Amino acid sequence: MILLLLVALAFTGCTLYRRDRELLQDHHISGALYDKMMRHEPLALDEIIELSHRGVPGPFIVHYLQPTYYVYKLDANDVARLKQSGVPEGVTRYLLATPGMFSPSQAPVWYDDDPHFHDPYWDWRRY
């Protein structure tokens, strides 16, 4: 039983596919950033800039960032810094869009949370 638990723990820490890990290694990503990405943690702007400087493609960066559901709150200085650092425009647009995509105010309304929802099959007066 303990052996199965150890095997499961060994595999849960590695969340990137082999081809993704190889891409990061091919671009000589720093060890600390590589380890952070293996744990699929959100990235700081400096780390996103490092990926860009190392030649990691913009679509890969966005693909990595999406399932972290991290909300980036960029100001004008952050946007200028990303642009000056050569971060692809698509990555910057994604970062700017995250507050609208992942903030609690943008969460979907579930039918039972909606005060205007009426389920014709459920009538509380029958019970």
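A crossing counts as right-handed if the near helix is turned clockwise from the far one by less than a right angle, and left-handed if anticlockwise. Keep that in mind for the second stop.

Before you click: this is a predicted model, where local features need pLDDT of at least 70, side-chain atom pairs count only at pLDDT 80 or more, and totals for chains, interfaces and linings use all residues. Residues are numbered from 1 along each chain as its sequence is written, and side-chain values use heavy atoms, with hydrogens and water left out.

**Stop 1: α3 and α4.** Select residues 31-38 (helix α3) and 45-53 (helix α4); their axes sit 11 Å apart at an angle of about 110°. That makes the two roughly perpendicular (65 to 115 degrees). Now show side chains: L33, K36 and M37 of α3 make the contact (heavy atoms within 4.5 Å) with E47, E50 and L51 of α4. By class, that's three nonpolar, no polar and three charged residues.

**Stop 2: α4 and α6.** Look along the pair and you'll find α4 passing α6 in a right-handed crossing. Here, L45, D46 and I49 of α4 touch D78, R81 and L82 of α6.

**Stop 3: A44.** Go back to the loop between α3 and α4 and pick A44. A44 is partly exposed, at 37% relative accessible area (partly exposed runs between buried, under 20%, and exposed, over 50%, with a 1.4 Å probe and protein chains only). Finally, draw a C-alpha to C-alpha distance from A44 to Y72: 9.0 Å in space, 28 residues apart in sequence.

How values were computed. Axes are lines fitted to C-alpha atoms, for helices over the stretch in contact, and angles run from 0 to 180 degrees between N-to-C directions. Helices (H or I, at least four residues) and strands (E, at least two) are DSSP runs, numbered from the N terminus. Angles under 35 degrees count as roughly parallel, over 145 as roughly antiparallel, 65 to 115 as roughly perpendicular and the rest as oblique. Ala, Val, Leu, Ile, Met, Phe, Trp, Tyr, Cys and Pro count as nonpolar, Asp, Glu, Lys and Arg as charged, and the others, Gly among them, as polar.
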